[in-house]
Amino acid sequence: MTGHHQHRPGDDTGGRTADRAPAAGRAPRGTTTHPPSRLRRAARTLLVALTGVAALAGCGDRDVLFGGGPPSPEETIRILPGDGARGVRANGRLEVRVPDGKLERVEVSRTGSAGRQSVAGRISRDGTIWRPMTDSLELASQYTVDAVARDDTGRRTTRHTTFKTFSPPHRVIGYYSPESGATVGTGLIFSLVFNRPVLDRAAVERAVIVSARPAVEVAPHWFGPRRLDFRPRERWRPGTRLTVDLRLREVRTGPGAYGIQRKTLHYLVGRDQVSTVDAARHTLTVRRDGRVVATLPVTAGNAENPTYNGTMVILERHAVTRMDGDTVGFGTEYDIPDVPHAMRLTRSGTFLHGNYWARPEVFGGLNTSHGCVGLRDVRGGGPDTPAGWLYRNSIVGDTVEVRNSPDRTVAPDNGLGGWNLPWPAWRAGSARH
């Protein structure tokens, strides 16, 4: 096992115009140009995951928190229902509260039968409480809460929690992301993760229709009894319009179990962007529509925890997130509450993210992380740093390729790694073959 969280098969669960890019071969303002130098191994980077349908994961550094560790996020920011709660009823209370200081930002999302959607809410005038606009919770859903608060001294604390609401028995729901209407990258694979095992896979497969305009062949592939993915032979063409018809309502998925969804989803494929990480050269090269628009210095996984090779896809984006080594088997090695510009690549915990704690010479010179790919940033996330530029110019569905790392190729069911399967092997994963 590398620095990644151990991944179990089947465990997985917009449209913006790109900013003007720097000239080809040049990094954006704020990129270091120091030559590589020898650093003591203490400058280890990290990365950790939080997912819509999975748990936290990541990679990190023992000495990242200058001047000692922060106060406990659980005490600083109190969230109801509690982290990891299950079976929460519709009348359960959803609330974010700080006993001292003020809430700076609260983002809540719900993943359910209608996909992933933001939950509207407001912070009180005194800045101490956030509550949703509606009183009731949606059943058969997972809620994700990300909150940022500042105390009276200006110290920022970030907390991430998830909880699940009660799911009526014998009803099968397929969770998906992003929500309908999003503009996505050319590497998107549409993935459904079911709340219960599907025994009649052929029936479910017939009830989910993924089509494209202009038309291309789109094939399904099952990863175990709970996950069904769809992709074409090659990446989507820019400008393609995708339609997903979920006709699962009353479809029998097994003895006494039936689907409940009847919904049509629409996506627009944006420009073609591929970011290539060369782990040996410590660079990330961004190509848009085949043209190099930026080359950025990075730090990838170290010798003990190398970064996965292969093709990955950006699953989700977080302006700031917490990365906790305890969630991926690193114990107390790190717990960073405010990692900026984090973009998830795998469910097991591989991220592209900003790094404000490592020395400037690391980027472009050494691989020091626990498996993630770090770019230079400042605390709080700078818009003109290399990490800020990449975050601003990336969308969910963009492709990221990693080369020249000593690790194995990422598993096809880890995140949206299905592009690493040859087309015949992908088509063979259909239940109707």
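**Figure 1. His282 sits in a loop between two strands.** Here you can find His282 in the loop between strand 22 (273-278) and strand 23 (283-288). Strands are DSSP runs of E with at least two residues, and helices are runs of H or I with at least four; both are numbered from the N terminus. This is a predicted model, in which local features need pLDDT of at least 70 and side-chain atom pairs count only at pLDDT 80 or more, while totals for chains, interfaces and linings use all residues. Residues are numbered from 1 along each chain as its sequence is written, and side-chain values use heavy atoms, with hydrogens and water left out. Is His282 buried or exposed? His282 counts as buried because its relative accessibility is 14%; buried means under 20% relative accessible area, exposed means over 50%, and partly exposed is in between (1.4 Å probe, protein chains only). The phi angle of His282 is near 60°, a positive value in a residue other than glycine.

**Figure 2. Glu250 also has a positive phi.** Look for Glu250 in the loop between strand 18 (241-247) and strand 19. Its phi is near 65°, again positive although the residue is not glycine. Most residues other than glycine have a negative phi, and most peptide bonds are trans.

Figure 3. Which peptide bond has omega near -5°? That is the cis bond from Leu80 to Pro81, and Pro81 lies in the loop between strand 3 and strand 4. A cis bond also joins Ser177 and Pro178, with omega about 5°. Pro178 belongs to the loop between strand 12 (174-175) and strand 13 (183-184).

Figure 4. Glu95 is part of strand 4 (residues 95-97), and Ile79 is part of strand 3 (residues 78-80). With a relative accessibility of 4%, Glu95 counts as buried; Ile79, at 6%, counts as buried too. What does Glu95 touch beyond its neighbours within four places in sequence? Its contacts (heavy atoms within 4.5 Å) are Arg78, Ile79, Leu80, Ile129, Trp130 and Arg131. The side chains of Glu95 and Arg97 are joined by a polar contact of 3.1 Å. A polar contact is a pair of N or O atoms within 3.5 Å; within protein, one must be able to donate a hydrogen and the other to accept it, and residues adjacent in sequence count only if both atoms are side-chain atoms. Not counting residues up to four places away in sequence, Ile79 touches Glu95, Val96, Val145, Arg159 and Thr161. Between Ile79 and Ile129 there are 50 residues in sequence and 9.9 Å in space, C-alpha to C-alpha.

Figure 5. Two strands pair if DSSP finds at least two bridges between them. How many bridges join strand 18 to strand 21 (residues 262-269)? There are 7, and this pair is antiparallel.

Figure 6. In strand 28 (residues 351-355), 5 of the 5 residues are buried, so the strand is largely enclosed by the rest of the structure. Strand 28 runs parallel to strand 29 (residues 373-376), with 4 bridges joining them. One of the bridges pairs Leu352 with Val373 in strand 29.

Figure 7. Strand 11 and strand 20 (residues 257-259) run parallel and are joined by 2 bridges. Opposite Val172 stands Gly259 in strand 20.
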